[in-house]
Amino acid sequence: VHEHRSLLKDIGVDVERHAKMMEMGLESYKNQFMTQKNRPEAMKYFDWFMSEIQGQRIAEINELRKKKRPSIGAFCIFVPEEIIVGAGGACFGLCGGSPATIADAETELPRNICPLIKSAHGFKLQKTCAYTQSSDFIYGETTCEAKKKTWEILNKHHPVKVMNIPHMKREKDLKLWKEELVEFKEHIESITGEKLSLEEMKKGTKIVNEKREALQRLDRLRSMNKDIIPISGKDGLFVTQMGFLDDPVRYTQKVNELCDELEKRVENKISVFEEDTPRLIVLGTPFAPPNWKLHTAVETSGGAIINEESCIGHRYYKDNVNLDEVTTEDELMQKLLDKYSAVDCACFTPNAPRIDKILKMYKDRQADGVIYYTLSFCHTYNVEAHLVTQALEKEGIACLVIESDYSPEDAGQIKTRVEAFLESI
Ligand code: BJ8
C-alpha cells in the first residue's frame, strides 16, 4: 500500500486515515486468520491479496481506467458483471463491512438502518475505500428501502446509477428487468465510447461462469464430505469475499489451485477440524469484509461453518449463465435475466424457492445445524426468518437465529449463544 501512496492520493483517498485503517484491518486479519492451524498452502495467495487489497489491485484497476475500460462499484449481486468484464473493465464490491466508518455515516443517515449501508456510505464520506474512489460510478439497486434512499444521498458525493430491481417475478416485472439490463449495457458503452459486441459480452460471461464454477467446486469440497472439512469456514468465506475484488481470470486460477490442494486433502483424510465437529450452514445476509465476527465465534467454540447461503456465498455462485445457442444480443440478455431472476433474495415476494433450496442444501451436505444470520435492521431477511425457521423446525433441523451489527460489543454474547447451540446439537 505504501508503494501506491501517490496513486491513492491522486484518486482522492485520505491517505493518512486510510493507512491507519489498513493497519487495523491487517492486524485483525493476522489475528483471526494467520493463527489458524493447518491452513492450506494455497491460502498464501489470498494472504498476499489481503496485503495488497488496497494497493496492487487498485493500481491494476486504475491501469484499466487509463485505457477507458469501465470500473464499476457495486453493493449487490444483481449488477451484471458479465457485461463489465466483457467490456474489459472491472466490477468490484465496495467496502461496507467495517464499524470504523459508521459514526461518519450517521451524520447523514439515521442510526437505525442496516450497518452494511452505513458502513459503505461512511467509507465514501471518509474517503478511505480506494475501490469507491476508483469507480466511474457506483451501481445501486432498489432491493431494500434503506439502500434505495441512501443512493440519493450518496449521489451528492459520487456518481451513482440505480438499477430498478422489481420485487416480484411476474412476466411484466421480468420485462422491466430485461430493459434495465439493456440500459446497464448502454451505461457501460457510454464509458468506453464503443459499442459492446455480442462476442465481447459472451467472452465476459464465459469468464464469470468460470469464476462461479471454481466457487461451486470450493463449496463442494468444503461441505460435501461428511468426515473431512479440508479448510476452515473462515478461510472459505475469505476466499469468497475476495472474489468480489480480484481480477476474475487470476482469481479463478487461484481458487482452482486451492481446490486441487483440498481434493488431495480429502483423499488423504486431512481435516482442519477434529472428528465429530458440528458442521453448520449459515443463512441470511451477506458478510462484507472485514465482517468475520460470526465465523470467528463459531470456529473458536468447537463448530465449523461449511457453507454460506448468503450473497457472499452460495446465492452468488449457484447459477451460471447458459450460453448454449446464444446467437443474438436479445438472447444473451434473456439468459442473463434467467440467471439473475433465479436469485432468491428476501427482497422478493413470494420467495418460497429460497426455503426449498435451504432444505435441499442442508440435506445434500448432511449438516448438523443452521445459523440464520441477519444484519440489524434488515427487514426483509429478518421477517423472512419466520417462514424459514418454521420450515426448518418441521424437518427437525436445529437452528439458531442471530441478529447483529458490526460493533465488537456483542462478540462475547454471540460466542456464548453459539456454544450453547453447539452443545444442544
Ligand atoms: S441480492 S441480499 S446483495 S440485496 S443492504 S437487503 S442486508 S438491509 S444486501 Fe443484498 Fe443484493 Fe439481496 Fe444479496 Fe438487508 Fe442491508 Fe438491504 Fe442487504
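Biologist: By class, which residues make up the lining of the second largest pocket?

Modeller: The lining has four nonpolar, eight polar and six charged residues. Keep in mind that this is a predicted model.

Biologist: What volume does the second largest pocket have?

Modeller: The second largest pocket has a volume of about 360 Å³. It is lined by 18 residues, and Q36, K37, V272, F273 and E299 are the closest to its centre. Two helices each supply at least two residues of this lining: helix 12 (233–242) and helix 14 (293–299).

Biologist: How many cavities of 30 Å³ or more does a search of the whole structure find?

Modeller: Start with the general idea. A probe the size of a water molecule is rolled over the atoms, and this shows where empty space is left. Now the case here. The search of the whole structure finds one cavity of 30 Å³ or more. About 50 Å³ of space lies in the largest cavity.

Biologist: Which residues line the largest cavity?

Modeller: The lining consists of F75, L116, I117, A120, H121, T150, W151 and L154. Sorted by class, six are nonpolar, two are polar and none is charged. Helix 7 gives the most, with four residues.

Biologist: How many residues surround the ligand, and which are the closest?

Modeller: The ligand is surrounded by 16 residues. The closest are C76, C144, C311, C345 and C378. By class, the shell around the ligand has 13 nonpolar, two polar and one charged residues.

Biologist: Now the aromatic rings. How many aromatic pairs does the count come to?

Modeller: A pair of aromatic rings is described by two things: the distance of the centres and the angle of the planes. The count here comes to 20 aromatic pairs. Take F46 and Y251. Their ring centres are 6.2 Å apart and their planes stand at 85 degrees, so the pair is edge-to-face. F46 lies in helix 3 (residues 43–51) and Y251 in helix 13 (residues 248–267), so this pair ties together parts that are 205 residues apart in sequence.

Biologist: Are F46 and Y251 buried or exposed?

Modeller: Both F46 and Y251 are buried. Now compare another pair. The ring centres of F287 and Y373 are 4.6 Å apart and the planes are at 20 degrees, so that pair is stacked. F287 lies in the loop between strand 5 (279–284) and helix 14, and Y373 in strand 7 (residues 369–375), so the pair ties together parts that are 86 residues apart in sequence. F287 and Y373 are buried too.

Biologist: Which residues do ring pairs link into a cluster?

Modeller: Ring pairs link Y45, F46, W48, F49 and Y251 into a cluster.

Biologist: What sits over the ring of F33?

Modeller: The charged end of K234 does, 5.6 Å from the ring centre. There is another case at Y340, where K339 lies over the face at 5.1 Å from the ring centre.

Biologist: Let me turn to the backbone. Which residues does a cis peptide bond join, with omega about 5 degrees?

Modeller: That bond joins P289 and P290. P290 lies in the loop between strand 5 and helix 14. The peptide bond from T349 to P350 is also cis, with omega near -10 degrees. P350 is in the loop between helix 16 (329–340) and helix 17 (352–365).

Biologist: What is the phi of E325?

Modeller: E325 has a positive phi of about 60 degrees, although it is not a glycine. Its place is the loop between helix 15 (314–317) and helix 16. With a relative accessible area of 73%, E325 is exposed. F377 is not a glycine either, and has a positive phi of about 70 degrees. F377 is in the loop between strand 7 and helix 18 (379–394). Its relative accessibility is 39%, so F377 counts as partly exposed.

Biologist: One last reading. Does E52 count as buried or exposed?

Modeller: E52 has 16% relative accessibility, so it counts as buried. The cut-off for buried is under 20%. E52 lies in the loop between helix 3 and helix 4 (56–66). From E52 to H187 the C-alpha distance is 30 Å, and the two are 135 residues apart in sequence.

Notes: Residues numbered from 1 in each chain as written. Predicted model: local features only at pLDDT ≥ 70, side-chain atom pairs only at ≥ 80, totals over all residues. Heavy atoms only, no water. 1 Å grid on protein atoms, 1.4 Å probe; cavity = no way out; pocket = protein on both sides within 12 Å on 5 of 7 lines; lining within 4 Å. Points joined across faces, edges and corners; volume = space filled by probe spheres on them. Nonpolar A, V, L, I, M, F, W, Y, C, P; charged D, E, K, R; others polar. Near = heavy atom within 4 Å. Phe/Tyr/Trp six-rings, centres within 6.5 Å; stacked < 30°, edge-to-face > 60°. Buried < 20%, exposed > 50% of the residue type's maximum accessible area, 1.4 Å probe, protein only. Lys NZ or Arg CZ within 6 Å of the ring centre and 35° of its normal.
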